[in-house]
Amino acid sequence: MVRYLKKHSGGNMQQKIVPIYEPVKIEKKWQKTWEDLNQHKAVIDPDKPKHYALTMLPYPSGNLHIGHWYAITPSDAHARFMRMNGYNVMFPMGFDAFGLPAENAAIKNNIHPKQWTFQNISHMREQLKTMGCMFDWDREIISSEPDYYHWTQWFFLKLYENGLAYQKFSPVDWCPTCNTTLAREQVWGDDRHCERCETPVIKKDLNQWYFRITNYADELRSFDGIDWPERVQTLQNNWIGKSFGALVTYKTEYGDPLEVFTTRPDTLWGVTFMVLAPEHPLVAKLTRSENSEAVQKYIDQAKFHTDIQRESLDREKTGVFTGSYAINPVNEERIPIWIADYVLMGYGTGAVMGVPAHDQRDFEFARKFGLKIRVVIQPEGTELLDADTMTASVPAIGAMVNSGDMTGTPGDEAIDKVIDWLEERQIGKRTTTYRLRDWLISRQRYWGAPIPIIHCPKCGIVPVPESELPVRLPDDVEWKPTGESPLRLHPTWKHVNCPKCGEPAERETDTMDTFMCSSWYHLGYLSPYYPNWPFKQEEYDYWMPVDIYTGGIEHATMHLIYTRFFHKAFRDIGILKGNEPMLMLRNQGTVLGEDNEKMSKSRGNVVDPDKLVNSYGADTVRAYLMFFARWELGAPWNSSGIEGSSRWIRRIWSTVLEPAETKKNIDPEVFKVLKRRIYQTVASVTRDFQHFQFNTIVSSLMEMLNEMIKAKNAGAYGTTEWNEAVDIYLRLAAPIIPHITEELYALLGNSGSIHLAQWPEMDEEAAKEELITLVVQINGKLRGRLVLPAGSSEEVVKEEAMKLESVSAMLDGKEPKKLIVVPNKLINIVV
RNA sequence: GCCGAAGUGGCGGAACUGGCAGACGCGCACGACUCAAAAUCGUGUACCUUGUGUAUGUGGGUUCGAUUCCCACCUUCGGCACCA
């Protein structure tokens with residue numbers, strides 16, 4: 001029911017009644033209508049170009065916050081824009097529903113994680129609906145549904161079959177609060193804390209499952225054919241960390257050959273010692289009996305060190321001599337082998353050649369333990385280096401000295417030449433090393449997809465047969481204060497018979513990292529819970545790849561790298577096509593609290609979207625979020641700023657609906673300007689949508705409304721020209737503010753939804769300005785303006801400019817040196 | 001230390017390919033309406049020493065002309081870091 005409150009009388013017109021703008025009512029009505037009409041259902045249509053718009057799915061934490069709105073509603077506006085431009089658009093939504101907070105809630109509030117999760121989902125689904133987005137709810141997926149994690153487990157088995165999943169016993173990062181291991185990507189900051197709870201991690205020796213993401217290190221560095229922000233590319237490339245260099249083999253006196261990786265083979269003649277990581281497998285063999293006590297003590301200490309985390313950043317170098325020696329293959333020199341914890345087992349070969357003159361870490365180590373220093377590089381323009389007096393290493397590239405046959409090789413070719421030299425003699429080879437480690441996916445938690453593996457005392461690791469998937473989580477579990485996984489403690493769940501030999505065996509009790517679930521959810525939307533395969537092939541062939549993916553940049557080195565790895569691996573396994581899952585990526589920034597700080601309950605600076613929607617309506621919240629900052633940067637919230645968007649929307653309402661007197665003899669210029677401005681707006685709004693510049697879309701629409709009000713005041717209301725402008729205006733605004741535009745579209749007598757209408761076509765002719773204001777500069781400074789017909793020739797511009805009083809006064813009889821004319825823009829007179 | 005992003009009025013921001021710096025909005029001031037207030041509408045709003053004036057973090061450079069291109073530096077934010 002519409003309440004008619006405002007009465008209007010314009011001049012001699014009859015009294016008219018105008019409905020009042022009640023956003024909440026209108027929005028509810030249209031959301032229901034769209035749902036009833038199935039307007040957002042995405043169905044394969046071979047006659048239309050497809051557009052798969054994807055936004056990162058939320059974790060069902062319990063409540064939607066303003067950040068969700070900021071991420072999702074502009075993505076929706078863009079999807080709507082694409083639909084009006086003739087694309088068959090799919091814009092799905094779902095829930096990343098496994099994960100630790102559900103378990104923490106279980107422990108704290110004695111509620112089952114499943115119940116907690118599904119309660120939150122039903123609440124958040126309703127909150128999401130208030131956004132008025134074009135979600136196709138028929139495609140919703142929830143990653144904790146057995147029919148979903150069935151396929152998460154199936155993907156695991158495929159990786160295992162293809163040698164891309166393996167189990168390894170080694171020291172791993174353990175979060176003592178979350179009681180689970182973490183992937184390297186989830187350990188952040190100087191103090192190496194848990195990404196989720198910020199507790200510093202400790203090291204534990206555990207048998208864990210890994211995915212061979214390192215097989216794809218090189219390919220992941222390439223972003224060919226996809227349009228992803230430079231920023232994300234840089235973050236991923238830093239994370240992967242490619243280094244070029246050489247692998248050099250040293251002989252040892254009492255053991256096996258020792259391989260080292262170096263990016264500076266040109267310094268090989270400056271090697272005066274060798275350092276191994278404490279965990280290096282050759283340590284035991286190389287340690288001489290008279291040194292073994294000291295070495296053992298050092299190793300124990302090193303372990304203790306990592307456990308209490310590495311304290312300070314300027315750690316003093318520590319180390320111990322093994323008693324044995326290696327032979328430098330380039331000059332047959334005998335060099336001592338040391339052990340030190342500044343060498344990491346996880347990178348390169350876990351052994352490093354010490355070049356104190358040209359590496360700062362080696363320099364500090366050599367000075368501390370009185371090891372030899374030898375200069376072998378002399379960079380151009382620096383003083384002659386002297387090993388005895390130098391106070392720091394000189395890592396710069398430079399000509400080689402004291403290097404046998406290679407002495408004199410210039411710096412710019414030294415590395416390459418030395419590697420050739422090593423390869424000829426078969427003592428080393430060209431190599432690339434990556435910082436990226438394999439992805440640790442085991443979690444010692446209950447609320448995740450169980451790893452579908454059975455450990456048999458006879459057969460070893462046996463994968464669960466595909467026909468037995470999904471391996472379901474048991475519901476009857478309890479949490480012990482020890483923090484141990486309830487799966488491990490469950491009395492019966494883990495006991496099964498080996499699928500191979502039939503003898504009693506045990507299930508793997510670890511579950512998978514939730515990033516495994518989100519690595520393929522874009523495929524889950526194609527055909528939710530389809531029982532025969534992870535997706536229906538025809539859906540895949542039509543919709544994939546994702547055309548536009550939007551979400552936060554915080555996932556740059558986690559989800560966004562995992563999902564690319566996942567796609568490439570399954571391309572090679574033969575399940576997916578193409579090299580990349582998502583063609584275009586755009587990241588939104590962060591909405592901060594009004595105090596310019598990160599929003600948090602403890603700070604009390606949290607903005608509640610539900611409250612805003614209730615008082616302003618979803619359209620205003622959407623418009624303000626798109627207007628108030630550059631989307632990719634974000635900004636602090638400003639609660640008085642939203643008033644501006646609210647005013648704009650209410651003014652659209654009154655400008656369109658409140659009648660005004662139509663003048664008989666309107667200046668035809670009014671219509672010309674109105675038409676020109678509306679088509680200029682078509683141009684700028686279209687362009688800005690293509691570039692994800694939502695803030696300028698809204699500001700051009702605000703400007704256009706101001707123009708329309710001018711035309712209305714000049715008497716244009718109700719004319720054909722006016723109605724045309726209103727029609728175009730509503731269609732331009734529809735993706736941003738879908739409810740009010742739909743309501744006005746209907747009130748103006750249109751049938752059908754504005755969102756299924758065509759995007760306004762551009763009329764270049766109408767948009768052209770007839771008169772142009774040219775800027776007249778003298779020596780680059782503004783000195784006057786000229787109004788001339790568009791396209792005036794250079795001669796005319798020059799002539800007219802010279803006639804200007806301000807110009808002649810400035811010239812004072814002098815002849816201009818030069819005249820620069822930029823057509824339709826300016827003339828610069830150089831004196 | 002390395003890599004990246006950003007620095008423009010009181011505030012958020014705009015300026016498309018090197019061409020009128022400050023669009024649009026907030027805030028503020030004044031006015032209209034009102035008994036009054038709110039809402040709404042209208043006008044104004046970079047700065048100063050008021051002029052051939054200054055101004056886009058600072059200092060240089062290229063150019064007829066620079067927020068935009070180049071060099072050096074400063075600040076803030078983010079990532080990486082004993083990675084050989």
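This is a predicted model: local features need pLDDT of at least 70, side-chain atom pairs count only at pLDDT 80 or more; totals for chains, interfaces and linings use all residues.
**Figure 1. Overall dimensions and secondary structure of chain A.** The C-alpha trace of chain A spans about 110 × 90 × 50 Å along its principal axes. Its secondary structure consists of 26 helices and 33 strands. Of the 831 residues in chain A, 54% count as buried. Where contacts in chain A join residues at least 6 apart in sequence, 72% of them link residues at least 24 apart.

**Figure 2. Protein surroundings of RNA strand B.** There are 52 residues around RNA strand B, of which Lys 317, Arg 361, Phe 628, Arg 647 and Asn 828 come nearest. Of the RNA strand B atoms that come within 4 Å of the protein, 60% belong to sugar and phosphate. Helix 21, formed by residues 694-713, gives the most to the surface near RNA strand B, contributing six residues.

**Figure 3. Side-chain contacts to the bases of RNA strand B.** In the case of Gln 777, a polar side-chain atom lies 3.3 Å from a base nitrogen of RNA strand B.

**Figure 4. A side-chain contact to the phosphate of RNA strand B.** The side chain of Arg 435 has an N or O atom 2.8 Å from a phosphate oxygen of RNA strand B. Sugar and phosphate together make up 60% of the RNA strand B atoms within 4 Å of the protein.

**Figure 5. The loop that holds Glu 503.** Glu 503 is located in the loop that runs between strand 23 (495-497) and strand 24 (504-507). Because its relative accessibility is 39%, Glu 503 counts as partly exposed. Apart from neighbours within four places in sequence, Glu 503 is in contact with Lys 458, Val 496, Asn 497 and Cys 498.

**Figure 6. Separation of Glu 503 and Ala 716.** The C-alpha atoms of Glu 503 and Ala 716 are 88 Å apart in space, and the two residues are separated by 213 residues in sequence. Glu 503 belongs to the loop between strand 23 and strand 24.

Note on methods. Residues are numbered from 1 along each chain as its sequence is written. Chains are lettered from A and ligands numbered from 1 in the order in which they are written. Side-chain values use heavy atoms; hydrogens and water are left out. Helices (H or I, at least four residues) and strands (E, at least two) are DSSP runs, numbered from the N terminus. Buried means under 20% relative accessible area, exposed over 50%, partly exposed in between (1.4 Å probe, protein chains only). Contact means heavy atoms within 4.5 Å. A residue is near a molecule or strand if one of its heavy atoms lies within 4 Å of it. A polar contact is a pair of N or O atoms within 3.5 Å; within protein, one must be able to donate a hydrogen and the other to accept it, and residues adjacent in sequence count only if both atoms are side-chain atoms.
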